[in-house]
Amino acid sequence: MNITDYYRQNPDCLVEDMDGELLLFNPKSATTLHLNGSSAIVWQLSTGEYSLEEIIIGLQQSYPQQAEQIEVDVLSVMVDFLDKAVLEKVEVAA
């Protein structure tokens, strides 16, 4: 995973909003993820329009008091999302 890569939500995933928390189900892998507030925000920002770096910077600007921890948390969440195949890398033309 490279911080300059772009990722988007796997279109096969089913999403259920449960009072601000998200429940994701990937039918291909039969994987279910429960996303709390911060991981739900990362999921919602993973549209393929923003690089991982842009997502981190945007969150750091929104929550400057937690800037250092945000990068660690976002990278951890992204690794989990990729492991569970709920995100996919977007190939960007050079």
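Student: What share of the contacts in the protein chain with a separation of 6 or more comes from residues 24 or more positions apart?

Tutor: Start with the word contact: it means heavy atoms within 4.5 Å. Here, residues 24 or more positions apart account for 59% of the contacts with a separation of 6 or more. Two notes before we go on. Residues are numbered from 1 along each chain as its sequence is written, and side-chain values use heavy atoms, with hydrogens and water left out. The model is predicted, so to speak of local features we need pLDDT of at least 70, and side-chain atom pairs count only at pLDDT 80 or more, while totals for chains, interfaces and linings use all residues.

Student: How many helices and strands does the protein chain have?

Tutor: Both are DSSP runs, numbered from the N terminus: helices are H or I with at least four residues, strands are E with at least two. This chain has 3 helices and 6 strands. Along the sequence they follow the pattern β-β-β-β-α-β-α-α-β. The radius of gyration of the chain is 13 Å, close to the 12 Å of the globule rule for 94 residues, so the chain is as compact as a globular protein of that length. That radius is taken over C-alpha atoms, and the rule is 2.2 Å times the number of residues to the power 0.38.

Student: What does the C-alpha trace span along its principal axes?

Tutor: About 40 × 35 × 20 Å.

Student: What percentage of the residues count as buried?

Tutor: Buried means under 20% relative accessible area, exposed means over 50%, and partly exposed is in between (1.4 Å probe, protein chains only). Of the 94 residues in this chain, 30% count as buried.

Student: Let me try D5. Is D5 buried or exposed?

Tutor: D5 counts as buried because its relative accessibility is 14%. Find D5 in the segment before β1 (6-9). Setting aside residues up to four places away in sequence, D5 touches S51, L52 and K89.

Student: Which side chain makes a polar contact with that of D5?

Tutor: The side chain of Y7, at 3.3 Å. A polar contact is a pair of N or O atoms within 3.5 Å; within protein, one must be able to donate a hydrogen and the other to accept it, and residues adjacent in sequence count only if both atoms are side-chain atoms.

Student: Which residues does G48 touch, not counting residues up to four places away in sequence?

Tutor: Y6, Y7, R8 and V90. G48 is also found in strand β5. At 21% relative accessibility, G48 counts as partly exposed. Now compare sequence and space: G48 and Y7 are 41 residues apart in sequence, and their C-alpha atoms are 4.9 Å apart.

Student: How much space lies in the largest pocket?

Tutor: Rolling a probe the size of a water molecule over the atoms shows where empty space is left. On a 1 Å grid over the protein atoms alone, a pocket is an open set of points where a 1.4 Å probe fits, with protein on both sides within 12 Å along at least five of seven lines. Points are joined across faces, edges and corners, and the volume is the space filled by probe spheres set on them. The largest pocket holds about 190 Å³.

Student: Which helices each supply at least two residues of its lining?

Tutor: Lining residues have an atom within 4 Å of a point. The helices are α1 (37-45) and α3 (67-83). The lining includes S38, I41, D73 and V77.
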